[in-house]
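Let's take a friendly walk through a protein chain, topic by topic. Keep the picture open while you read.

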Amino acid sequence: MGKIRNIEIFDTTLRDGEQSPGATLTIDEKLKIAHQLAKLNIDTMEAGFPFASNDDFKAVKLIAENVEGPYICGLSRAVKGDIQRAWDAVKHSNKPCIHTFVATSDLHLEYKLKKTRDEVLTMAKNAVKFAKSFTDRVEFSAEDASRSDKEYLAKVIEAVIDEGASVVNIPDTVGYGQAEEYGKLIEYLKENVENIDDAIISVHCHNDLGLAVANSLEAVRKGAGQVEGTINGIGERAGNASLEEVIMNLKTRPEYYECDTNINVKEIYATSKMVAGCTGIQVQRNKAVVGENAFAHEAGIHQHGMLSNPLCYEIMNPESIGKQTEMVFGKHSGKHAIESGLKKLNYTFNEKQLNKITQKIKELADKQKTVLEEDIIAIADYELNKATKKPKIVLEELSVLSGNKLTPTAVVRINEDGKEKISSAYGIGVLDAATNAIRKIFGPDVKFKEYELKAITGGSNALADVSLVLQDKDKKEYKARAIDQDIVMASVKAVINGMNKIKNSKSD
Ligand SMILES: [Zn+2]
């Protein structure tokens, strides 16, 4: 094996990932994820796009002030106002980074920017120069690089490196590239940009054709030194390259890639769970590396092979990414076992929260005999992320009636700021009836945008996990989540949580 190259990992879960439809994160959730990403030991964290909104600016600034380890990066278009704003947010970090971008494909130049190639070249140079006046670490991205004219792209890249860009990113913005072709583009830049060795080549691939990880890895083979992506592969449209997959490919096949990363792989599973919990975008069961079934062997012949020697069918083991397979709790498990289990999963909590979580786990164990890790994670995520503000709307009563000769009917009684309100309604099913009753109380302004029900583990007595998105009359979206052993209760609780979020935001 030759010399092992270190590949930097640039995480954009909080920027590109947060652009996933329905993934909006609160500032507290962003900070929490940022701390976990630092623990995962990524090299650079793109914390947001400070110019885009005040909330984005605040989040990037807060992360820059509080999170140590990685470069804290803010995105900016290649214009002064954006770059200044990005700097004002990231300058609080001791490792600030400004990421500035402009498109280089003729398609974007003609229809989006309405500028000539020369004008864009000047914009790119000026942007990097201006960013460089604030900090040493400046990344330049040539948006839609994979569909740009190669010679022009090389010219832009050479010019920005001359201006001091430390990282040059060659994105496959629309997920159009094919692995070999994309690798060749990286190779072309290595051969045709004279000063290319003065900067790190970065790749940023989208997954529209399912190739984001493959394209990123091929680019690494051809000389890229940084890979950008997100945890669980979330992001615009079909998402970004899934970082855990990129990392585990490099880790599992060192003889093939001759590369490694600084990543603390044992934190992968906990990070994936946290991102899924906060964004509400759950990971599909059969997802590589972090899916629930990623390490499950079902076929008898496989199980036999596994027992003889795990290497028969296992190329990675779950412990390597920090997934505990053995952690099963029963109703006799004590607070201690739960505490150490939660600590292994990197949860931080106080005594009161631990008591509450323990109580919930025991209640569940009473009904479902054993409680699996997935259950614990769901309970802990929920208990630890509950709104700290006292809810203004409290569910006092929910009664539902259903059957094969009965119109599904629900009665809902709530307490809003000390005032009791009661309503009843029917619907297509009990859930529909219950939400109709709630809507009668709150009026038609609130719309349901998304509803997702997930059974955490086990059979018909499984813990139900409901995530939904509500939209207020200003079209602002609110994510809410609740868990309960009863599907209807979990759903109604989630709606009430969402209504509280709307109410809290209105009174701030
Ligand atoms: Zn992107």
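A quick definition before we start: a helix here is a DSSP run of H or I that is at least four residues long, and helices are numbered from the N terminus. With that in hand, look just past the end of helix 11, where Gly280 has a positive phi of about 80°. Bear in mind that what you're looking at is a predicted model.

**Where domain 1 meets domain 2**

- Where they touch, eight residues of domain 1 are in contact with six residues of domain 2.
- On the domain 1 side, helix 9 (243-252) and helix 11 (268-279) each supply at least two of the touching residues.
- Helix 11 gives the largest share of that side, with three residues.
- Sorted by class, the domain 1 side has five nonpolar, one polar and two charged residues.

**Helix 11, a well-covered helix**

- Helix 11 has twelve residues and spans 16 Å from its first C-alpha to its last, close to the 16 Å expected at 1.5 Å a residue.
- Among the buried ones are Ile268, Tyr269, Lys273, Met274 and Cys278.
- What does the covering of helix 11's buried residues include? Helix 1 (27-40), helix 9 and helix 15 (373-385) are part of it.

**Helix 6, buried on one side**

- Helix 6 (residues 150-162) is made of 13 residues and reaches 18 Å from first C-alpha to last, close to the 18 Å expected at 1.5 Å a residue.
- Its buried residues are Leu153, Ala154, Val156, Ile157, Val160 and Ile161.
- Why do they end up on the same side of helix 6? They cover an arc of only 165° around the axis, and that puts them on the same side.
- Here's a handy bit of background: an α-helix has 3.6 residues a turn, so residues three or four places apart point the same way.
- The cover over the buried residues of helix 6 includes helix 5 (117-132), strand 6 (138-143), strand 7 (167-169) and helix 7 (179-192).
- Just after helix 6 comes Gly164, with a positive phi of about 110°.

**A strand pair, and a hairpin**

- Strand 17 (residues 464-471) and strand 18 run antiparallel and are joined by eight bridges.
- Within this pair, Asp465 stands opposite Ile483 in strand 18.
- Five residues sit between the two strands of the hairpin, and Lys475 takes a positive phi near 70° there.
- Strand 18 (residues 477-484) is mostly covered, as six of its eight residues are buried.

- Find Met316 in the loop between helix 12 (300-308) and strand 11 (329-330).
- Is Met316 buried or partly exposed? It counts as partly exposed because it has 15 C-beta neighbours inside 10 Å.
- Leaving out residues up to four places away in sequence, Met316 touches Met248 and Thr252.
- Now go to Asn500, which is in helix 17 (residues 487-507).
- Asn500 is buried because 20 other C-beta atoms lie within 10 Å.
- Asn500 and Ala480 are 20 residues apart along the chain, and their C-alpha atoms are separated by 9.3 Å.

Terms used
Residues are numbered from 1 along each chain as its sequence is written. This is a predicted model: local features need pLDDT of at least 70, side-chain atom pairs count only at pLDDT 80 or more; totals for chains, interfaces and linings use all residues. A residue is buried if 20 or more other C-beta atoms lie within 10 Å of its own, exposed if 12 or fewer, and partly exposed in between; C-beta atoms are placed from the backbone. Two residues are in contact if their C-beta atoms, placed from the backbone, lie within 7 Å. The expected span of a helix is 1.5 Å times one less than its number of residues. The arc is that of the directions from the helix axis to the C-beta atoms. Ala, Val, Leu, Ile, Met, Phe, Trp, Tyr, Cys and Pro count as nonpolar, Asp, Glu, Lys and Arg as charged, and the others, Gly among them, as polar. Two strands pair if DSSP finds at least two bridges between them.
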